[in-house]
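Welcome to this guided tour. Please open the structure in your viewer and keep the selection tool at hand.

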Amino acid sequence: MKLKHSEYKQRTMKIWNEVAPRYHKRWASVSVGPFQSTAKLIELVDINKGNKVLDLACGTGVVTKKIRSKVGNSGYVIGADTSITAIKIAKKWNERKSNLDFVNIDAEKFYFSKKFDIVTCQYALFFFPNAQKALKNIRNSLKKSGKIGISVHGRKERVPFFSSILDSVTQYIPDYIPPGAPNLDRFGTKSALKKEISRAGFSKISVKEFVFHYSPGKFEDYWRNYIKYIPKPLKEKLDGLDYSKRKQLKQLVKEKTIQYTKKNGEILFPWQVLILTAKY
Ligand SMILES: C[S@@+](CC[C@H](N)C(=O)[O-])C[C@H]1O[C@@H](n2cnc3c(N)ncnc32)[C@H](O)[C@@H]1O
(Lines give C-alpha, C1' and ligand atoms only; values in the text may rest on other atoms or scores of the structure.)
Protein backbone atom coordinates (compact mmCIF):
# COMPACT_ATOMS: atom_id res chain seq x y z
CA MET A 1 0.00 0.00 0.00
CA LYS A 2 1.26 3.41 -1.00
CA LEU A 3 1.36 6.09 1.67
CA LYS A 4 -1.01 8.99 1.06
CA HIS A 5 0.43 12.48 1.42
CA SER A 6 -1.42 13.03 4.67
CA GLU A 7 -0.12 9.72 6.07
CA TYR A 8 3.41 10.57 5.04
CA LYS A 9 3.18 13.92 6.78
CA GLN A 10 1.83 12.29 9.95
CA ARG A 11 4.69 9.82 9.85
CA THR A 12 7.24 12.61 9.30
CA MET A 13 5.81 14.56 12.21
CA LYS A 14 6.03 11.55 14.52
CA ILE A 15 9.59 10.86 13.41
CA TRP A 16 10.68 14.45 14.01
CA ASN A 17 9.01 14.46 17.41
CA GLU A 18 11.19 11.49 18.25
CA VAL A 19 14.49 12.51 16.65
CA ALA A 20 14.52 16.30 17.22
CA PRO A 21 16.59 16.17 20.47
CA ARG A 22 19.22 13.88 18.91
CA TYR A 23 19.23 15.90 15.67
CA HIS A 24 19.79 19.12 17.58
CA LYS A 25 22.62 17.73 19.68
CA ARG A 26 24.47 15.81 16.99
CA TRP A 27 24.02 18.06 13.97
CA ALA A 28 22.16 21.33 13.94
CA SER A 29 23.48 23.01 17.11
CA VAL A 30 27.12 22.15 16.44
CA SER A 31 27.17 23.28 12.78
CA VAL A 32 29.11 20.21 11.63
CA GLY A 33 29.23 18.81 8.08
CA PRO A 34 26.19 20.01 6.10
CA PHE A 35 25.23 22.41 8.87
CA GLN A 36 28.01 24.73 7.82
CA SER A 37 25.25 25.79 5.43
CA THR A 38 23.39 27.65 8.16
CA ALA A 39 25.86 30.55 8.12
CA LYS A 40 26.10 30.41 4.29
CA LEU A 41 22.34 30.57 3.87
CA ILE A 42 22.09 33.61 6.13
CA GLU A 43 24.92 35.29 4.22
CA LEU A 44 23.45 34.54 0.76
CA VAL A 45 19.90 35.59 1.52
CA ASP A 46 21.26 38.87 2.91
CA ILE A 47 19.14 39.66 5.94
CA ASN A 48 19.11 43.25 7.17
CA LYS A 49 18.20 45.00 10.40
CA GLY A 50 14.46 45.51 10.66
CA ASN A 51 13.56 42.66 8.23
CA LYS A 52 10.53 40.47 8.85
CA VAL A 53 11.53 36.85 8.29
CA LEU A 54 9.73 33.52 8.31
CA ASP A 55 11.92 30.47 8.94
CA LEU A 56 9.81 27.64 7.55
CA ALA A 57 10.38 24.12 8.91
CA CYS A 58 12.63 25.78 11.47
CA GLY A 59 13.22 22.53 13.37
CA THR A 60 15.14 23.22 16.56
CA GLY A 61 15.66 26.86 15.63
CA VAL A 62 19.33 27.09 14.68
CA VAL A 63 18.70 29.12 11.53
CA THR A 64 16.03 31.14 13.34
CA LYS A 65 18.53 32.16 16.01
CA LYS A 66 20.98 33.52 13.46
CA ILE A 67 18.16 35.35 11.68
CA ARG A 68 17.06 36.95 14.95
CA SER A 69 20.53 38.31 15.58
CA LYS A 70 20.59 39.82 12.05
CA VAL A 71 17.19 41.54 12.17
CA GLY A 72 17.82 43.03 15.62
CA ASN A 73 15.14 44.52 17.84
CA SER A 74 13.43 46.39 15.03
CA GLY A 75 12.81 43.24 12.95
CA TYR A 76 10.52 40.29 13.44
CA VAL A 77 11.02 36.53 13.12
CA ILE A 78 8.69 33.55 13.08
CA GLY A 79 9.97 29.98 13.21
CA ALA A 80 7.39 27.46 12.01
CA ASP A 81 7.42 23.66 12.04
CA THR A 82 5.06 20.69 12.36
CA SER A 83 7.08 19.05 15.13
CA ILE A 84 6.04 20.07 18.64
CA THR A 85 9.24 18.65 20.10
CA ALA A 86 11.42 20.58 17.65
CA ILE A 87 9.57 23.79 18.49
CA LYS A 88 10.06 23.17 22.22
CA ILE A 89 13.81 22.85 21.67
CA ALA A 90 13.80 25.90 19.39
CA LYS A 91 12.20 27.95 22.17
CA LYS A 92 14.91 26.88 24.61
CA TRP A 93 17.72 27.41 22.09
CA ASN A 94 16.54 30.93 21.30
CA GLU A 95 16.42 33.64 23.91
CA ARG A 96 12.87 34.75 24.64
CA LYS A 97 12.25 37.99 22.70
CA SER A 98 9.10 39.97 21.99
CA ASN A 99 9.85 39.96 18.25
CA LEU A 100 10.44 36.20 17.94
CA ASP A 101 7.66 33.62 17.79
CA PHE A 102 7.48 29.91 17.14
CA VAL A 103 4.37 28.25 15.73
CA ASN A 104 3.26 24.77 14.80
CA ILE A 105 2.16 24.73 11.19
CA ASP A 106 2.24 22.50 8.15
CA ALA A 107 4.20 24.11 5.29
CA GLU A 108 1.53 22.98 2.86
CA LYS A 109 -1.28 24.60 4.84
CA PHE A 110 -0.48 27.96 6.29
CA TYR A 111 -1.45 31.55 5.90
CA PHE A 112 -0.08 34.62 7.66
CA SER A 113 -1.83 37.96 7.41
CA LYS A 114 1.59 39.61 7.95
CA LYS A 115 3.86 39.77 4.90
CA PHE A 116 7.54 38.90 5.18
CA ASP A 117 10.67 40.35 3.55
CA ILE A 118 12.34 36.95 3.54
CA VAL A 119 11.37 33.28 3.92
CA THR A 120 14.10 30.74 4.69
CA CYS A 121 13.74 26.98 4.57
CA GLN A 122 16.74 24.79 5.35
CA TYR A 123 16.74 21.03 4.66
CA ALA A 124 12.99 20.62 4.49
CA LEU A 125 11.60 21.37 1.00
CA PHE A 126 12.09 17.70 0.04
CA PHE A 127 9.97 16.58 3.01
CA PHE A 128 6.90 18.35 1.65
CA PRO A 129 5.09 15.80 -0.53
CA ASN A 130 3.50 18.65 -2.45
CA ALA A 131 6.36 21.16 -2.51
CA GLN A 132 4.43 23.39 -4.92
CA LYS A 133 1.73 23.90 -2.30
CA ALA A 134 4.34 24.98 0.24
CA LEU A 135 6.03 27.27 -2.29
CA LYS A 136 2.71 28.85 -3.14
CA ASN A 137 2.13 29.55 0.56
CA ILE A 138 5.63 31.01 0.79
CA ARG A 139 4.91 33.30 -2.15
CA ASN A 140 1.64 34.43 -0.63
CA SER A 141 3.49 35.31 2.59
CA LEU A 142 6.07 37.49 0.89
CA LYS A 143 6.04 41.20 0.23
CA LYS A 144 6.31 42.10 -3.46
CA SER A 145 10.08 42.62 -3.22
CA GLY A 146 10.48 39.58 -0.96
CA LYS A 147 13.20 36.92 -1.18
CA ILE A 148 13.62 33.26 -0.35
CA GLY A 149 16.64 31.24 0.78
CA ILE A 150 16.41 27.46 0.51
CA SER A 151 19.03 24.82 1.35
CA VAL A 152 18.81 21.21 0.20
CA HIS A 153 21.13 18.22 0.18
CA GLY A 154 22.60 17.16 -3.17
CA ARG A 155 21.71 13.95 -5.04
CA LYS A 156 22.31 10.80 -3.08
CA GLU A 157 25.54 9.91 -4.88
CA ARG A 158 26.92 13.27 -3.74
CA VAL A 159 25.91 12.62 -0.13
CA PRO A 160 27.51 9.25 0.65
CA PHE A 161 26.83 9.64 4.37
CA PHE A 162 23.22 8.79 3.51
CA SER A 163 23.59 6.67 0.39
CA SER A 164 26.27 4.25 1.65
CA ILE A 165 23.73 2.95 4.13
CA LEU A 166 20.45 3.57 2.33
CA ASP A 167 21.49 2.01 -0.98
CA SER A 168 22.60 -1.09 0.93
CA VAL A 169 19.66 -1.30 3.32
CA THR A 170 17.09 -1.05 0.54
CA GLN A 171 18.69 -4.10 -1.12
CA TYR A 172 17.89 -6.11 2.01
CA ILE A 173 14.68 -4.35 3.10
CA PRO A 174 12.90 -3.11 -0.05
CA ASP A 175 10.18 -1.28 1.91
CA TYR A 176 12.68 0.41 4.27
CA ILE A 177 11.52 3.65 2.65
CA PRO A 178 7.75 3.29 2.54
CA PRO A 179 6.17 3.15 -0.93
CA GLY A 180 4.59 6.47 -1.79
CA ALA A 181 7.11 8.49 0.26
CA PRO A 182 8.54 11.39 -1.74
CA ASN A 183 12.05 10.96 -3.07
CA LEU A 184 14.15 12.99 -0.65
CA ASP A 185 16.83 13.90 -3.17
CA ARG A 186 14.47 14.98 -5.94
CA PHE A 187 15.65 18.61 -5.65
CA GLY A 188 19.31 17.62 -5.33
CA THR A 189 20.56 19.03 -8.64
CA LYS A 190 20.82 22.67 -9.59
CA SER A 191 18.44 22.19 -12.51
CA ALA A 192 15.78 20.24 -10.57
CA LEU A 193 15.79 22.75 -7.74
CA LYS A 194 15.68 25.73 -10.10
CA LYS A 195 12.83 24.17 -12.07
CA GLU A 196 10.70 23.61 -8.97
CA ILE A 197 11.21 27.15 -7.72
CA SER A 198 10.61 28.74 -11.11
CA ARG A 199 7.40 26.67 -11.52
CA ALA A 200 6.16 28.36 -8.34
CA GLY A 201 6.62 31.76 -10.00
CA PHE A 202 9.88 32.98 -8.46
CA SER A 203 12.46 34.89 -10.49
CA LYS A 204 16.16 35.90 -10.26
CA ILE A 205 16.94 32.37 -9.15
CA SER A 206 20.52 31.61 -8.20
CA VAL A 207 21.76 28.25 -6.91
CA LYS A 208 25.19 27.88 -5.31
CA GLU A 209 26.84 24.52 -4.74
CA PHE A 210 28.94 23.72 -1.68
CA VAL A 211 30.83 20.59 -0.79
CA PHE A 212 31.25 20.28 2.95
CA HIS A 213 32.99 17.38 4.69
CA TYR A 214 31.91 15.25 7.58
CA SER A 215 33.80 12.58 9.48
CA PRO A 216 31.61 10.08 11.34
CA GLY A 217 34.79 8.47 12.79
CA LYS A 218 35.85 4.94 11.86
CA PHE A 219 33.45 2.55 10.15
CA GLU A 220 32.31 0.98 13.44
CA ASP A 221 31.42 4.47 14.79
CA TYR A 222 29.54 5.33 11.61
CA TRP A 223 27.52 2.13 11.73
CA ARG A 224 26.85 2.23 15.50
CA ASN A 225 25.75 5.86 15.45
CA TYR A 226 23.56 5.29 12.42
CA ILE A 227 21.67 2.57 14.32
CA LYS A 228 21.58 4.72 17.44
CA TYR A 229 20.13 7.78 15.70
CA ILE A 230 17.53 6.31 13.34
CA PRO A 231 13.86 6.68 14.26
CA LYS A 232 11.87 3.75 15.68
CA PRO A 233 10.00 2.69 12.50
CA LEU A 234 13.31 2.22 10.66
CA LYS A 235 15.06 0.62 13.61
CA GLU A 236 12.26 -1.96 13.85
CA LYS A 237 12.79 -2.87 10.21
CA LEU A 238 16.54 -3.28 10.70
CA ASP A 239 15.97 -5.33 13.84
CA GLY A 240 13.74 -7.63 11.78
CA LEU A 241 16.73 -8.80 9.71
CA ASP A 242 18.23 -12.10 10.78
CA TYR A 243 21.82 -12.18 12.04
CA SER A 244 23.49 -13.36 8.83
CA LYS A 245 21.62 -10.88 6.62
CA ARG A 246 22.51 -8.07 8.98
CA LYS A 247 26.16 -9.12 8.85
CA GLN A 248 26.09 -9.14 5.03
CA LEU A 249 24.40 -5.75 5.03
CA LYS A 250 27.03 -4.27 7.33
CA GLN A 251 29.77 -5.63 5.07
CA LEU A 252 28.11 -4.10 2.00
CA VAL A 253 27.93 -0.72 3.71
CA LYS A 254 31.57 -1.05 4.72
CA GLU A 255 32.60 -1.69 1.11
CA LYS A 256 30.81 1.48 0.02
CA THR A 257 32.71 3.56 2.57
CA ILE A 258 36.17 2.30 1.59
CA GLN A 259 36.69 5.00 -1.04
CA TYR A 260 36.16 7.65 1.67
CA THR A 261 38.32 5.96 4.31
CA LYS A 262 41.70 7.49 5.11
CA LYS A 263 44.87 5.60 6.06
CA ASN A 264 44.13 6.06 9.77
CA GLY A 265 40.76 4.34 9.32
CA GLU A 266 38.69 7.51 9.68
CA ILE A 267 35.96 8.07 7.10
CA LEU A 268 35.71 11.52 5.55
CA PHE A 269 32.52 11.97 3.54
CA PRO A 270 32.03 14.80 1.06
CA TRP A 271 28.56 16.32 1.39
CA GLN A 272 27.04 18.34 -1.42
CA VAL A 273 24.65 21.10 -0.48
CA LEU A 274 22.73 23.48 -2.73
CA ILE A 275 21.62 26.89 -1.54
CA LEU A 276 19.07 28.74 -3.62
CA THR A 277 18.05 32.35 -3.44
CA ALA A 278 15.26 33.91 -5.48
CA LYS A 279 12.82 36.81 -5.59
CA TYR A 280 9.04 36.99 -5.50
C1 LIG B 1 16.20 18.42 8.66
S2 LIG B 1 15.11 19.32 9.69
C3 LIG B 1 15.60 20.99 9.34
C4 LIG B 1 15.33 21.90 10.49
C5 LIG B 1 15.95 23.30 10.38
N6 LIG B 1 15.49 24.00 9.22
C7 LIG B 1 17.45 23.21 10.41
O8 LIG B 1 18.09 23.60 9.42
O9 LIG B 1 18.00 22.74 11.41
C10 LIG B 1 13.57 19.18 8.82
C11 LIG B 1 12.39 19.83 9.55
O12 LIG B 1 11.28 19.88 8.65
C13 LIG B 1 10.11 19.76 9.43
N14 LIG B 1 8.99 19.42 8.53
C15 LIG B 1 8.83 18.29 7.81
N16 LIG B 1 7.67 18.34 7.13
C17 LIG B 1 7.08 19.53 7.43
C18 LIG B 1 5.89 20.18 7.01
N19 LIG B 1 5.04 19.59 6.16
N20 LIG B 1 5.63 21.42 7.50
C21 LIG B 1 6.48 22.02 8.35
N22 LIG B 1 7.63 21.46 8.80
C23 LIG B 1 7.93 20.23 8.33
C24 LIG B 1 10.48 18.66 10.43
O25 LIG B 1 9.61 18.65 11.52
C26 LIG B 1 11.92 19.08 10.78
O27 LIG B 1 11.94 19.90 11.90
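A residue is called buried here when its relative accessible area is under 20%. With that cut-off in mind, select helix 3, where V62, V63, T64, I67, R68 and V71 are buried. Keep in mind as you look around that this is a predicted model.

**Stop 1: the end of helix 3**

Step just past helix 3 and click on G72. This residue takes a positive phi of about 65°.

**Stop 2: helix 2**

Now select residues 37-45, which make up helix 2. Which residues of helix 2 are buried? They are S37, T38, L41, I42 and V45. These residues lie on the same side of helix 2, because they cover an arc of only 140° around the axis.

Before moving on, look just after helix 2, where D46 has a positive phi of about 55°.

**Stop 3: the ligand**

Next, select the ligand. How many residues surround the ligand? There are 22, and the closest are Y23, A57, D81, A107 and Q122. Sorted by class, this shell holds 14 nonpolar, five polar and three charged residues.

Colour helix 1 (5-26) and helix 3, each of which supplies at least two residues of the shell. Helix 1 gives the most, with four residues.

Now zoom in on the nitrogen atoms of the ligand. A polar backbone atom of A107 is 2.8 Å from a ligand nitrogen. For Q122, a backbone N or O atom lies 2.9 Å from a nitrogen atom of the ligand. T82 takes part through its side chain, with a polar atom 3.5 Å from a ligand nitrogen. On its own the ligand has 590 Å² of accessible area, and the protein covers 97% of that.

**Stop 4: two serines in loops**

Select S83, in the loop between strand 2 (76-81) and helix 4 (84-93). Is S83 buried or exposed? S83 is buried, because its relative accessible area is 1%. A polar atom of the S83 side chain lies 3.0 Å from the backbone nitrogen of A86. Setting aside neighbours within four places in sequence, S83 is in contact with W16, N17 and N104.

Then move to S113, in the loop between strand 3 (100-104) and strand 4. S113 counts as exposed, because its relative accessibility is 63%.

**Stop 5: positive phi values**

Most residues other than glycine have a negative phi. With that in mind, select Y123, whose phi is positive, near 55°. Y123 is found in the loop between strand 4 and helix 5 (131-141), and at 6% relative accessibility Y123 counts as buried.

Finish with K204, which is in strand 6. The phi of K204 is also a positive value, near 45°. Is K204 buried or exposed? K204 is exposed, because its relative accessible area is 68%.

Terms used
Residues are numbered from 1 along each chain as its sequence is written. This is a predicted model: local features need pLDDT of at least 70, side-chain atom pairs count only at pLDDT 80 or more; totals for chains, interfaces and linings use all residues. Side-chain values use heavy atoms; hydrogens and water are left out. Buried means under 20% relative accessible area, exposed over 50%, partly exposed in between (1.4 Å probe, protein chains only). The arc is that of the directions from the helix axis to the C-beta atoms. A residue is near a molecule or strand if one of its heavy atoms lies within 4 Å of it. A polar contact is a pair of N or O atoms within 3.5 Å; within protein, one must be able to donate a hydrogen and the other to accept it, and residues adjacent in sequence count only if both atoms are side-chain atoms. Accessible areas come from the Shrake-Rupley method with a 1.4 Å probe; for residues, only the protein chains shown count as cover. Ala, Val, Leu, Ile, Met, Phe, Trp, Tyr, Cys and Pro count as nonpolar, Asp, Glu, Lys and Arg as charged, and the others, Gly among them, as polar. Contact means heavy atoms within 4.5 Å.
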